[in-house]
Amino acid sequence: MKNALGVEIPEYIDGLGELQPYQGVWNSVLKGDVASQTVPTVLKAQKAHVSKMCDSLEDAIKKSQPFDGMTVSCHHHLRGGDGVLMQAIAILDKMGIKDITLASSSLTSAHDGLVPYIESGMITRIFSSGIRGRLGEIISMGKLKHPAVIHSHGGRVRDIMSGRIKPDLALLAASAADEEGNATGAHGPSAFGSMGYADIDARYAKTVVVVTDNLVEYPCVPPSVRQHFVDYVVTVDSIGDASKIASGTTRITSSPMDLRIARIAATVIEHSGLFKNGMSFQVGAGGASLAVAKFLREDMKRKNIQGSFMIGGVTSYGVDMLEEGLFKAIFDVQSFDAAVSTSVLNNPQHIEITCDQYANPNNCGAMTNKLDVVVLGALEVDVDFNVNVITGSSGEIRGASGGHSDTASGANLSVVVCPSFRGRLPIIMDRVHTVVTPGESVDVIVTERGVCVNPSKPNLAAALKKAGVNVVDIRDLKKEVDSMTGIPAEKKLGDKIVALVEYRDGTIIDVIKNVTNLE
């Protein structure tokens with residue numbers, strides 16, 4: 001069967017079940033065809049004054065009564081510095097547990113060590129919003145038994161509430177926790193900020209283990225994860241390295257090209273009709289998109305504009321804008337550098353939120369639906385404004401869906417920033433290799449050579465032209481870039497589906513085939 005973008009989608013895949021094709025950005029909501037919340041939160045009666053403390057992580061995992069075929073979940077707030085998941089997988093492997101489904105909110109280069117467990121068949125399924133590094137390469141080669149499922153951040157919440165993902169064991173890293181399991185990422189030697197992705201795991205996993213390297217006197221405040229959801233608490237030598245949270249995608253760029261693109265994007269926002277008091281704003285991961293905040297900050301000061309709120313991955317730059325009064329509040333589901341944790345702890349206007357509140361497409365108050373402007377990155381875009389943030393130039397899995405499609409669908413103005421080419425590779429394609437965010441929800445693509453406005457927004461195009469912005473037809477821009485770079489050779493792909501890309505409503509927007517020339 002084909003979805004609304006013409007992509008052939010299998011009706012059924014062994015190990016994953018029946019699939020539903022993507023039908024449009026708001027189709028399921030308009031039809032009232034949303035996944036039911038079929039999974040109740042787990043009730044776990046316990047006698048008073050029973051200690052939850054475990055002697056070791058191995059002891060805690062044994063108490064969860066692990067079994068073949070179980071699902072293990074975790075969060076990725078420590079990003080490249082995460083040190084908990086690999087410890088846990090090694091323990092489960094030592095116990096002889098097989099056929100594990102791994103459901104992490106995202107996977108980074110810190111998880112390259114999972115490769116041998118996939119090759120041995122210990123891990124057979126992966127649900128995640130992002131897969132990077134060597135892990136992405138071997139999945140692209142077809143070495144994971146069942147296709148990986150890549151969902152958005154909001155889609156993960158929906159997947160767990162609807163029972164598509166059923167965590168048996170949740171491992172929740174915390175930079176501080178007490179003996180009952182009240183836990184936070186806001187303080188402690190390994191402080192990493194918000195724990196927004198962990199809430200859904202704490203509420204729905206059969207067994208919840210809080211893992212910390214900083215056990216504090218009861219009560220641990222402020223509690224991001226609360227004690228009545230937690231079964232066990234364990235201290236370890238280290239939960240990881242918080243200094244590795246900030247990576248190339250979470251730092252503001254110093255590249256002249258990216259800064260030029262960011263400056264143009266800020267000009268687009270200024271003349272969009274949304275640049276006014278009360279504006280809400282998010283920037284996604286990626287150097288150029290994060291840099292837009294730098295120029296927006298200057299423009300807001302120049303025009304004496306005060307925004308309403310910022311959301312999403314939060315940097316120190318966003319914190320500075322909050323403290324300068326440029327925005328009234330920050331809603332933080334994920335902190336993009338460890339220094340943000342101080343603001344989470346001390347500033348009442350810096351509000352930690354759950355991923356459910358952030359982006360769940362099936363609730364009635366997702367913050368993404370209140371967004372005026374979001375700025376996002378891209379690996380590829382196409383002439384229909386579809387965006388790929390998952391697969392690289394060879395077709396290999398190397399990125400993250402994250403909140404890309406969540407925010408693009410909810411914002412009044414979704415701006416994608418990218419160079420027109422990287423190296424000798426054009427970024428504007430006839431058709432992106434993998435659609436993550438459909439063009440229907442993308443309003444503007446900003447490159448160094450011109451700004452492309454979705455034809456569905458003629459008034460926006462006219463306003464930008466009037467302001468002197470270089471608005472160009474995306475097909476003309478593609479021809480110009482192709483004349484400089486040439487047209488790249490077709491990717492060498494096999495016939496095996498190695499990953500499914502879920503749209504935020506749970507339908508399948510694209511499939512990823514195996515890459516044959518990876519080693």
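Gln65 is exposed, at a relative accessible area of 65%, where exposed stands for over 50%, buried for under 20% and partly exposed for the range in between (1.4 Å probe, protein chains only). Gln65 is not a glycine, yet has a positive phi of about 55°. Its place is the loop between α2 (57–63) and β3 (71–74); helices (H or I, at least four residues) and strands (E, at least two) are DSSP runs numbered from the N terminus.

## Basis of the model

The model is predicted: local features need pLDDT of at least 70 and side-chain atom pairs count only at pLDDT 80 or more, while totals for chains, interfaces and linings use all residues. Residues are numbered from 1 along each chain as its sequence is written, and side-chain values use heavy atoms, with hydrogens and water left out.

## Overall dimensions

The secondary structure of the protein chain comprises 15 helices and 26 strands. The radius of gyration is 22 Å, close to the 24 Å that the globule rule gives for 519 residues, so the protein chain is as compact as a globular protein of that length. This radius is taken over C-alpha atoms, and the rule is 2.2 Å times the number of residues to the power 0.38. Along its principal axes, the C-alpha trace spans about 70 × 55 × 45 Å.

Of the 519 residues in the protein chain, 60% are buried. Among contacts (heavy atoms within 4.5 Å) between residues at least 6 apart in sequence, 72% join residues at least 24 apart. The protein chain exposes about 19,700 Å², of which carbon and sulfur atoms supply 49%; accessible areas come from the Shrake-Rupley method with a 1.4 Å probe, and for residues only the protein chains shown count as cover.

Strand β14 (residues 327–335) is mostly covered, with 8 of its 9 residues buried. Strand β13 (residues 307–314) runs parallel to β14 and is joined to it by 7 bridges; two strands pair if DSSP finds at least two bridges between them. Gly307 has Phe327 of β14 as its bridge partner. Strand β15 (residues 350–352) also runs parallel to β14, through 3 bridges, and there Ile330 stands opposite His350.

Helix α10 (residues 316–323) forms a right-handed β-α-β unit with β13 and β14. Helix α11 (residues 340–346) likewise forms a right-handed β-α-β unit, with β14 and β15. Right-handed here means that, with the strands pointing away from the viewer, the path from the first strand over the helix to the second runs clockwise.

## The three-stranded sheet

An open sheet of 3 strands has the order β18-β17-β22, with mixed pairing. Its edge strands, β18 (387–388) and β22 (428–429), each pair on one side only. Strand β17 (residues 380–382) and β22 run parallel and are joined by 2 bridges, with Val381 having Ile428 of β22 as its bridge partner.

The loop between β17 and β18 contains Phe385. Phe385 has a positive phi of about 70° although it is not a glycine. At 2% relative accessibility, Phe385 is buried.

## Cis peptide bonds

Two cis peptide bonds are described here. One joins Tyr218 and Pro219, with omega about 0°. The other runs from Val221 to Pro222, with omega near -5°. Pro219 is found in the loop between β10 (207–212) and β11 (232–235), and Pro222 is also found in the loop between β10 and β11.

## Cysteines and a buried arginine

The structure holds 0 disulfides, a disulfide being a pair of cysteine sulfur atoms within 2.5 Å. Cys54 is in no disulfide, and the nearest cysteine sulfur, that of Cys220, is 17 Å away. Cys355 is in no disulfide either; the nearest cysteine sulfur, that of Cys74, is 14 Å away. Cys54 is buried, with a relative accessible area of 7%, and Cys355 is buried at 3% relative accessibility.

Arg158 lies in helix α6 (residues 153–161). With a relative accessible area of 3%, Arg158 is buried. The C-alpha atoms of Arg158 and Met1 are separated by 24 Å, the two residues being 157 residues apart along the chain.
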